[in-house]
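Below are some notes for a colleague who has not looked at this structure before. They are numbered so that each point can be checked on its own.

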Amino acid sequence: MTTRRPNAPMPDTVRHLVRAGHHPARAVECPWCRAAPHTPCTTKSGRRRLTDAPVHPQRTTAWVQSVACCPTCQVEPGTPCHTTGEPLVFGAVHDARRDEADVTA
């Protein structure tokens, strides 16, 4: 009989390559369904994992806001986009920031 060794810790660089098939927005918590980072989005009740859509649009917006600077309103990652000092409606981000996040990923 053989004994099984416990799994060794995986460096973050290797872990990222293993998850390369997933949408990069899965790196943040989903504000809509509260799915934990690196787990798939679920229905609002949390009973069923979504397989047809990669992530909720709100999760994508949260990821864009966390990783990219906005060339339109000149804000740093983590800061919401704004127009003349007022945040965009429903926490939206500028299209230029979304493009910047795609280049970063």
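1. A place to start is histidine 94. The model is a predicted one. Setting aside neighbours within four places in sequence, histidine 94 is in contact with Cys70, Thr72, Cys73, Cys81, His82, Thr83 and Leu88. Histidine 94 sits in the loop between strand S2 (86-87) and H3. Its relative accessibility is 15%, so histidine 94 counts as buried, the cut-off being under 20%.

2. Cysteine 81 touches His94 in turn, and its other contacts beyond four places in sequence are Cys70, Cys73, Val75, Pro87, Leu88, Ala92, Val93 and Arg97. Histidine 82 belongs to strand S1. With a relative accessible area of 27%, histidine 82 is partly exposed. Leaving out neighbours within four places, histidine 82 is in contact with Cys73, Val75, Pro87, Leu88 and His94. Between histidine 82 and cysteine 70 there are twelve places in sequence and 9.7 Å in space, C-alpha to C-alpha.

3. The overall layout can now be put around these residues. The protein chain has three helices and two strands, and along the sequence they follow the pattern α-α-β-β-α. Of the 105 residues in the protein chain, 28% are buried. Among contacts between residues at least 6 apart in sequence, 42% join residues at least 24 apart. The chain exposes about 7800 Å², and carbon and sulfur atoms supply 56% of that area.

4. Which residues touch the most other members of the largest nonpolar core? They are Cys41, Trp63 and Cys81, in a core of 18 residues. Trp63 is also one of the buried residues of helix H2 (residues 57-67), together with Arg59, Thr60, Thr61, Val64 and Gln65.

5. Against which helix do the buried residues of H2 pack? They pack against helix H3 (95-104). The axes of H2 and H3 come within 9 Å and cross at roughly 75°. That angle makes H2 roughly perpendicular to H3. On the H2 side the contact is made by Thr60, Thr61, Trp63, Val64, Gln65 and Val67, and on the H3 side by Arg97, Arg98, Ala101, Asp102 and Thr104. By type, the residues of this contact divide into four nonpolar, four polar and three charged.

6. Alanine 101 is in helix H3 and is buried, with a relative accessible area of 0%. Apart from neighbours within four places in sequence, alanine 101 is in contact with Trp63, Val64, Val67 and Ala68. Alanine 101 and alanine 25 are 76 residues apart in sequence, yet 10.0 Å apart in space, C-alpha to C-alpha.

7. Is cysteine 33 buried or exposed? Cysteine 33 counts as buried because its relative accessibility is 9%, under the 20% cut-off. Cysteine 33 lies in the loop between helix H1 (12-18) and H2. Beyond four places in sequence, cysteine 33 touches Cys41, Thr42, Thr43 and His56. One of these partners, Cys41, is among the core residues named in point 4. Cysteine 33 and glycine 46 are 13 residues apart in sequence and 6.9 Å apart in space, C-alpha to C-alpha.

8. Most residues other than glycine have a negative phi. Glutamine 74, which is not a glycine, has a positive phi of about 60°. Glutamine 74 is found in the loop between H2 and strand S1 (82-83), and with a relative accessible area of 63% it is exposed. Threonine 84, also not a glycine, has a positive phi of about 50°. Threonine 84 is placed in the loop between S1 and S2, and its relative accessible area of 80% makes it exposed.

Methods. Residues numbered from 1 in each chain as written. Predicted model: local features only at pLDDT ≥ 70, side-chain atom pairs only at ≥ 80, totals over all residues. Heavy atoms only, no water. Core = buried A, V, L, I, M, F, W, Y, C linked by side-chain atoms within 4.5 Å. Buried < 20%, exposed > 50% of the residue type's maximum accessible area, 1.4 Å probe, protein only. Contact = heavy atoms within 4.5 Å. Helix = DSSP H or I, 4+ residues; strand = E, 2+ residues; numbered from the N terminus. Areas by Shrake-Rupley, 256 points an atom, 1.4 Å probe, with all protein chains shown as cover. Axes fitted to C-alpha atoms, helices over the stretch in contact; angles between N-to-C directions. Parallel < 35°, antiparallel > 145°, perpendicular 65-115°, else oblique. Nonpolar A, V, L, I, M, F, W, Y, C, P; charged D, E, K, R; others polar.
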